[in-house]
Amino acid sequence: MRLSGPTLRYDVVGVFTDRAFAGNPLAVVHGAQDLAGEQMLAIAREFNLSETAFPLPPTSAGAHYRVRIFTPLTELPFAGLPGIGTAWLLAATGRIAPGDAVQQSDGGLHAVHTEEHSATLIGGEPLVGQHLDAPALAIACGLVLSDVDTVASAGVAGAGMDFSFLPVRADSVARAVPKPAEITENAVGRGVVPVAFDAERRTTRTRMFRASGGEDPATGAAHSHSVPGWWTGVSCQATASRSTT
């Protein structure tokens, strides 16, 4: 049944993948400049994805567009998944020119670069916060003290959004099982990230357990600064399936 009244077009974008229906899904709702924040939140709850993005006209000089980002529970100032997915989609549909652009979010202005099958987003200024109790975070991840890697201290870091990072052994990442109550009690920021660091290859293997519950299969804002002392931005490949309502 089609409801009466105004309608908005939306796209569903698969981010962090090069194949349709294999990535982290993102809903992008167009033409929402007349909606209040409460209405955007209601739409995000209806989609019930990790994030829903609303591209809007910019309000800052130098920005090509603005994006507001909502989870089913709240609005976020910045996040990698919707930032990357929205940039790629707007370029793919001709709403911004491919190449370099500036995306505005409540977390600031972010440089983006789009190509035919990929987009790159530079997050906020990397910041390192307080140290955290590694044994408590290990318990929150369903791990034990022997899983903890001393390559770096457990603690808070962010590049537009804060997360709690727990360095662990390589074989421990896959065994992690989140305990929501312990995460809420011991983590700072959006969630806890068990991270295994390969110093020789300068790569990491990570997962992200949200403080609000559940796991993000891929989250750019967390993964972009999961390597101790190293941060270069967030890059992905994306494909899209499109629907209209």
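Contact is taken here to mean heavy atoms within 4.5 Å. The model described is a predicted one. The protein has five helices and 16 strands. Of its 245 residues, 48% are buried. Among contacts with a separation of 6 or more, 61% are between residues 24 or more positions apart.

His113 is located in strand β7, which covers residues 108-114. Apart from neighbours within four places in sequence, His113 is in contact with Gly99, Asp100, Ser118, Ala119 and Thr120. With Asp100, the contact includes a polar one between the two side chains, at 2.7 Å. A polar contact of 3.2 Å also links the side chain of His113 to that of Glu115. The relative accessible area of His113 is 30%, so the residue is partly exposed; the class lies between the limits of 20% for buried and 50% for exposed. The C-alpha atom of His113 lies 8.0 Å from that of Ala87, a residue 26 positions away along the chain.

Ala87 is one of the buried residues of helix α2, which spans residues 80-92. Burial in α2 extends to 12 of its 13 residues, so that the helix is mostly covered. Included in this set are Gly80, Leu81, Pro82, Gly83, Trp88 and Leu89. The end C-alpha atoms of α2 are 18 Å apart, which agrees with the 18 Å that 13 residues should span at 1.5 Å a residue. Just after the helix, Gly94 has a positive phi of about 80 degrees.

Helix α1 (residues 37-47) has the buried residues Gly37, Met40, Leu41 and Ala44. These cover an arc of only 100 degrees around the axis and therefore lie on the same side of α1. In general, an α-helix has 3.6 residues a turn, so residues three or four places apart point the same way. Glu38 and Glu46 are exposed and are carried on the face of α1 turned away from the buried side. The buried residues of α1 pack against strands β3 (52-56) and β4.

Asn48 follows α1 and is found in the loop between α1 and β3. Its phi is positive, near 60 degrees, in a residue other than glycine. Most residues other than glycine have a negative phi. Asn48 counts as exposed because its relative accessibility is 56%, above the 50% limit.

Strand β4 is largely enclosed by the rest of the structure, because six of its six residues are buried. In a regular strand the side chains alternate between the two faces of the sheet. In β4, Tyr65, Val67 and Ile69 are buried on one side, and Arg66, Arg68 and Phe70 are buried on the other, so that both faces are covered. The pairing of β4 with β3 is antiparallel and runs over five bridges. With strand β6 (residues 99-105), β4 pairs in the parallel sense over two bridges; there, Gln103 of β6 is the bridge partner of Tyr65. Two bridges also join β4 to strand β5 (residues 75-76), and these two strands run antiparallel. Here Phe70 stands opposite Glu75 of β5. The β4 and β5 strands are joined in a hairpin through four residues.

Arg68 lies in β4, at residues 65-70, and Phe54 stands opposite it. The relative accessibility of Arg68 is 17%, so the residue counts as buried, the limit being 20%. Beyond residues up to four places away in sequence, Arg68 touches Gly37, Met40, Thr52, Ala53, Phe54, Leu56 and Glu75. Of these, Gly37 and Met40 are among the buried residues of α1. The side chains of Arg68 and Glu75 make a polar contact of 2.9 Å.

A further hairpin is formed by strands β12 and β13, with four residues between them. The strands, at residues 191-198 and 203-206, run antiparallel and are joined by four bridges. Within this pairing, Thr206 in β13 is the bridge partner of Val195. Arg202, in the turn, has a positive phi of about 55 degrees.

How values were computed:
Residues numbered from 1 in each chain as written. Predicted model: local features only at pLDDT ≥ 70, side-chain atom pairs only at ≥ 80, totals over all residues. Heavy atoms only, no water. Buried < 20%, exposed > 50% of the residue type's maximum accessible area, 1.4 Å probe, protein only. Polar contact = N/O pair within 3.5 Å; in protein donor to acceptor, adjacent residues only side chain to side chain. Pairing = 2+ DSSP bridges. Arc of directions from axis to C-beta. Expected span 1.5 Å × (residues − 1).
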